Amino acid sequence: MPLSARDIRRKFERFRILVVGRANAGKTTLLQKVCNTTEKPEIFDGEGNKIDVDVLKSSVDRGEHDINNELVFRSNPRFVFHDSCGFEAGGEDELKNMKQFVAERASTRKLNERIHAIWYCIPMDEYRRAITVAEERFFSECDTDNVPVIAVFTKFDALSAVALGELKKTPGLTRKDIFERTPERVEEIFAEANIWGRLCETRHPPKNYVRLAKMNINETDCGPLLECTTGALGDEALEMLLISTQQTNLELCITYAVKKAALAYIKRASQGSMQVSKDKCILMQKEIAKWFPHTGV
């Protein structure tokens, strides 16, 4: 019998994500968007003890950082984030800790400690050096075969400024021409940089990528990232866990309710392998409701 959304929440409790990326990659803003808040996260050690922010800052200033620390937002405590801060500087110890953390947390039998996804943030305001030694070593040396990695191209709107600047220097173009050609030139710049192609050629490539722009604007959200991550999980229980955890994307709930529940029943009914009845309709309604995080069934 399929697990209900409530059963999924009881079994796994929280959705855990490792967030990787250099300083100023927009990681904090990204996580705030996912959790629908503007507040800073609370930080806990591996034993669940809250860490004083001033003490933590002092440790970071000394070059000390524990990837096992948990970042949790009050607005949605069922998301748990781990920050790779320090790895991007290229230190051997940091890379070793990263590899060990991923190896242990991606396959641990303790389900509540397992990481379910990795978001690798690459800022496009530095697109000319999008892939540094840190990215090369992560995707070549860090075994992520047991956990999906999503490449998150943050600050993608920075390419619009680059494209606009180039087109303004092009003789004969009117203001209208410039603005009409900007989106096309953005795509060309991204293709010419070949960032995704280079990542795909690594030993442990990401599963997929998303492009996020204008995350500093209230109207934007992380719907594409949540949808991309859900699609990369490859396990219905984990898909339901993420959808039950996120609280910002109703469209994602509807998409999976239709794809995983409604269409399956419709297909069986159309093929004659299932007799339509009141009981079957009630069962279908319950299957659909599983994909809506705050609906009691």
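## Helices α9 and α10

In this predicted model, α9 passes α10 in a right-handed crossing (near helix turned clockwise from the far one by less than a right angle). Helix α9 covers residues 223–233 and helix α10 residues 236–245. Helices here are DSSP runs (H or I, at least four residues), numbered from the N terminus. The two axes come within 8 Å and cross at roughly 160°. Axes are lines fitted to C-alpha atoms over the stretch in contact, with angles from 0 to 180 degrees between N-to-C directions. The pair is therefore roughly antiparallel (over 145 degrees).

Leu 226, Thr 229, Thr 230 and Leu 233 of α9 meet Leu 238, Glu 239, Leu 242 and Ile 243 of α10. Contact means heavy atoms within 4.5 Å.

## Helices α6 and α7

Helix α6 (residues 158–168) and helix α7 (residues 175–193) have axes that come within 8 Å and cross at roughly 120°.

On the α6 side, the contact residues include Leu 159, Val 162 and Leu 167. On the α7 side, they include Ile 178, Phe 179 and Phe 190.

## Confidence

Mean pLDDT (the predictor's confidence in each residue, from 0 to 100) is 84 for the protein chain, and 79% of its residues reach 70 or more. Over residues 58–63, pLDDT stays under 50. The model has one contact beyond four places in sequence for that stretch.

## Basis

Residues are numbered from 1 along each chain as its sequence is written, and side-chain values use heavy atoms, without hydrogens and water. Local features need pLDDT of at least 70, side-chain atom pairs count only at pLDDT 80 or more, and totals for chains, interfaces and linings use all residues.

Note on methods. Helix = DSSP H or I, 4+ residues; strand = E, 2+ residues; numbered from the N terminus. Parallel < 35°, antiparallel > 145°, perpendicular 65-115°, else oblique.
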